[in-house]
Every structure is written in C-alpha cells, then in structure tokens.
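Biologist: I would like to learn how to read strand pairing, ring pairs and ligand contacts in a model. Please take them one at a time.

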Amino acid sequence: MLFSNIVYTALAQSMTVSAATMMVTVAANNKFQFTPNSVTAQPGDMVAFNFVAQNHSVASSTANKPCQPEQNAVFSDFQPIPGNPNASPNVNAANTPMFMVPITDAQPMYIYCSQAQHCQQGMVMVINPPSANAVSQYANKAAQANNNVSPRGGMSGGSVTNNKAGTNPRNVLGGNAGDAAGTQTTAKGKGKGKAKAKAGANAGAAAGVAALLGGKGKNKH
Ligand SMILES: *[C@@H]1O[C@H](CO)[C@@H](O)[C@H](O)[C@H]1NC(C)=O
C-alpha cells in the first residue's frame, strides 16, 4: 500500500513538472529563417518564438496551403525590432519580443512568416512534423505559393512577453534550461533521442517558465 502510494506520488510529480519550453529564434543572423525549423512538443509545452531582427511574424497554415492562414490561425502579429540588427553587440538583443504559444495537442502545426515574400523564401517551420521530410515538403509548397497572407484580427493563439534575459535560451530559461535548448536540436533528428533529452529538460524548463511568468508583470510593450 505504502509502496504504491510512493509510486503514485512520484508519477504525479513527474507529470506536473513535465512542461517544457522550446525556443525558436525568428530571423537568426538576420536571415529569413526559424531556428530550429522543426520542434517536437507535447501538450502542455510552450513554444517561445524570439524575434531578434527586422519585422517578421509567426502565422499558422495547413500543410497543403502554406502562406495562407488556416482557420483560427495562430498569429503573433508583426514584431518589428527597431535599430540596426547587425550592430554588434545588438543593443536590442536583451529586450526582444517573444511570442509564447501554448501547445494543446500533438497535432502538427505549420508555421510561416507572413511578411512580404518571406514564406515563399523559406521562412517556414513545423511543430510536431508528421514525417522526417514534412518540413522540406512544406517549404517546397511554400515556394510555389502565389500570395503570402496574414491572418486577420490581430494576435491570436499566444501572447507576447519581453525576453529581457537576452536571446540565449540558457539565460531565458534559467540555469538548467540549456537542456531545453538542447531538446530542440535533438528533436530535429530522430525520435530516439527525444525522450531522454526532454526528461533532462523538464526541471530547467519548468523553472524557466516560472522565471518568465515572474518577470512578466514588469514588462512594457
Ligand atoms: C511591419 O510590417 C507590417 C506588415 O508589412 C507593416 O504594416 C508595419 O508597418 C511594419 N512595421 C514597421 C515598424 O516597419
């Protein structure tokens, strides 16, 4: 009886700390790209899109119609970064907008930037890609799209907070959260490595979310 209680408690605890935050950099190196362009996330996880240059957006489409908002699309709206993104050090790096998207199911999410022709130019990514080549298939279709269309009605499916800790996920998410950053890269490859990396990321990511929430009230947009 006692034993099973202990097992149950351990299980419950591992479930409550299982939320992870995956960082995606928007326009790293001032290029039209999401980095990484493939993320595996579980329901309860958070994907944090950190905008570091120019004037981009995060929008969601279906797999077959890239560069067009899906029904009830996710949209970050445009997040312009003032100043010279190539300045070194980038004066804005410590105060960049992060669009936080809670993941509510395990379905794939197809993401594009709705600015100008960025979608056609390969600024696309997939959350929970259903196959190894899902991202390249999506990018290939995007390259053929006639138009690049923003969702209507402003921000949807997430909220923006300021990344006051800087663009390095280790700083953003706290001491152990480098693991969460590691998860992104691992998830890109094979499913095999994922479970392990995620388990390691749990503690750090949970702390990171707490840190983010703690800092939120002070942010100005
Ligand atoms: C950002 O891009 C949007 C869409 O093209 C545009 O409406 C907006 O004026 C731009 N903001 C800045 C500050 O350039």
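Biologist: Which residue in β4 stands opposite Met-22?

Modeller: Two strands pair if DSSP finds at least two bridges between them. Helices (H or I, at least four residues) and strands (E, at least two) are DSSP runs, numbered from the N terminus. Here Met-22 faces Val-47 in β4. Strand β1 (residues 21-26) and strand β4 (residues 46-51) run parallel, joined by 6 bridges.

Biologist: What should I know about the model itself?

Modeller: The model is predicted, so local features need pLDDT of at least 70 and side-chain atom pairs count only at pLDDT 80 or more, while totals for chains, interfaces and linings use all residues. Residues are numbered from 1 along each chain as its sequence is written, and side-chain values use heavy atoms, with hydrogens and water left out.

Biologist: In which sense do β1 and β2 pair, parallel or antiparallel?

Modeller: Strand β2 (residues 34-35) pairs with β1 in the antiparallel sense, over 2 bridges. Thr-25 has Thr-35 as its bridge partner in β2.

Biologist: How many residues of β1 are buried?

Modeller: Buried means under 20% relative accessible area, exposed over 50%, and partly exposed in between (1.4 Å probe, protein chains only). In β1, 5 of the 6 residues are buried.

Biologist: How many aromatic pairs does the structure hold?

Modeller: Rings of Phe, Tyr and Trp (its six-membered ring) pair if their centres lie within 6.5 Å; planes under 30 degrees apart count as stacked, over 60 as edge-to-face and the rest as tilted. The structure has 3 such pairs. One of them is edge-to-face, because the rings of Phe-34 and Phe-49 have centres 6.2 Å apart and planes at 75°. Phe-34 belongs to β2 and Phe-49 to β4, 15 residues apart, and both are buried. Tyr-110 and Tyr-138 have ring centres 5.0 Å apart and planes at 55°, so that pair is tilted. Tyr-110 lies in strand β9 (residues 109-112) and Tyr-138 in helix α2 (residues 134-143), so the pair ties together parts 28 residues apart in sequence.

Biologist: Which residues are around the ligand?

Modeller: A residue is near a molecule if one of its heavy atoms lies within 4 Å of it. The residues around the ligand are Asn-55, Phe-78, Pro-80 and Gln-115. An N or O atom in the Asn-55 side chain is 2.4 Å from a ligand oxygen, and for a polar side-chain atom of Gln-115 the distance to a ligand oxygen is 2.7 Å.

Technical notes. Polar contact = N/O pair within 3.5 Å; in protein donor to acceptor, adjacent residues only side chain to side chain.
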